[in-house]
Amino acid sequence: QVQLIESGGGLAQAGGSLRLSCAASGRPFSGNTMAWFRQAPGKDREFVARISGSSTNSAYADSVKGRFAISRDNAKNTLYLQMNSLKPEDTAVYSCAAVYLGNNEYNYWGQGTQVTVSS
């Protein structure tokens, strides 16, 4: 059974940092693109960042570019999101995803972890 389990969310002050982790189990994802998405209350799910299987290529939403960094450790089958200079508008449930299907859709999703940024 494939599982993606996020951790590292919590409460942070504006300007602070958090590091999210996404531990994958059930199959290796070293050859697959993985990504982070977020969903704020009352809003649609939003793409945050993605990274290729070899970590050669990555992409970010304009809203987080320069503040967030996505990385992965294929030996640990784990995806990370380092979030710096946090803003209140970063408040959302952050979910990881694996195996890109196209059109911003992924085959596997985690349950999400809450990130709340206070001003």
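A disulfide is a pair of cysteine sulfur atoms within 2.5 Å. This is a predicted model, in which local features need pLDDT of at least 70, side-chain atom pairs count only at pLDDT 80 or more, and totals for chains, interfaces and linings use all residues. Residues are numbered from 1 along each chain as its sequence is written, and side-chain values use heavy atoms, with hydrogens and water left out.

**Exercise 1. The disulfide**

Task: Determine which cysteines the disulfide joins.

Solution. Step 1: the structure holds one disulfide. Step 2: its partners are cysteine 22 and cysteine 96, with S to S 2.0 Å. Step 3: the link of cysteine 22 and cysteine 96 is right-handed, with 60° about the S-S bond. Step 4: cysteine 22 belongs to strand S3 and cysteine 96 to strand S9, so the pair ties together parts that are 74 residues apart in sequence. Strands (E, at least two residues) are DSSP runs, numbered from the N terminus. Step 5: both cysteine 22 and cysteine 96 are buried, where buried means under 20% relative accessible area (1.4 Å probe, protein chains only).

**Exercise 2. The open sheet**

Task: State in what order the four strands of the open sheet lie.

Solution. Step 1: two strands pair if DSSP finds at least two bridges between them. Step 2: the order is S1-S3-S8-S7, with antiparallel pairing. Step 3: strand S1 (3–7) and S7 stand at the edges with a single partner strand each, so one side of each is left without a neighbour in the sheet. Step 4: on average, neighbouring strands of this sheet are turned by 15° against each other, direction ignored; axes are lines fitted to C-alpha atoms. Step 5: S1 and S3 are joined by five bridges, and alanine 24 in S3 is the bridge partner of leucine 4. Step 6: S3 and S8 are joined by six bridges. Leucine 18 has methionine 83 in S8 as its bridge partner, and serine 21 has tyrosine 80 in S8.

**Exercise 3. The nonpolar core**

Task: Identify which residues of the largest nonpolar core touch the most other members.

Solution. Step 1: a nonpolar core is a set of buried Ala, Val, Leu, Ile, Met, Phe, Trp, Tyr and Cys residues joined through side-chain atoms within 4.5 Å. Step 2: among the 33 residues of the largest such core, Trp36, Leu81, Met83 and Tyr94 touch the most other members. Step 3: the elements that give two or more residues to this core include strand S4 (34–39), strand S8 (78–83) and strand S9 (92–102). Step 4: S9 gives the largest share of this core, six residues.

**Exercise 4. An aromatic pair**

Task: Classify the ring pair of phenylalanine 37 and tyrosine 106 as stacked, tilted or edge-to-face.

Solution. Step 1: rings of Phe, Tyr and Trp (its six-membered ring) pair if their centres lie within 6.5 Å; planes under 30 degrees apart count as stacked, over 60 as edge-to-face and the rest as tilted. Step 2: the structure holds six aromatic pairs. Step 3: the ring centres of phenylalanine 37 and tyrosine 106 are 5.7 Å apart and the planes stand at 75°, so the pair is edge-to-face. Step 4: phenylalanine 37 lies in strand S4 and tyrosine 106 in strand S10 (residues 105–109), 69 residues apart. Step 5: phenylalanine 37 and tyrosine 106 are both buried.

Terms used
Buried means under 20% relative accessible area, exposed over 50%, partly exposed in between (1.4 Å probe, protein chains only). Axes are lines fitted to C-alpha atoms, for helices over the stretch in contact, and angles run from 0 to 180 degrees between N-to-C directions.
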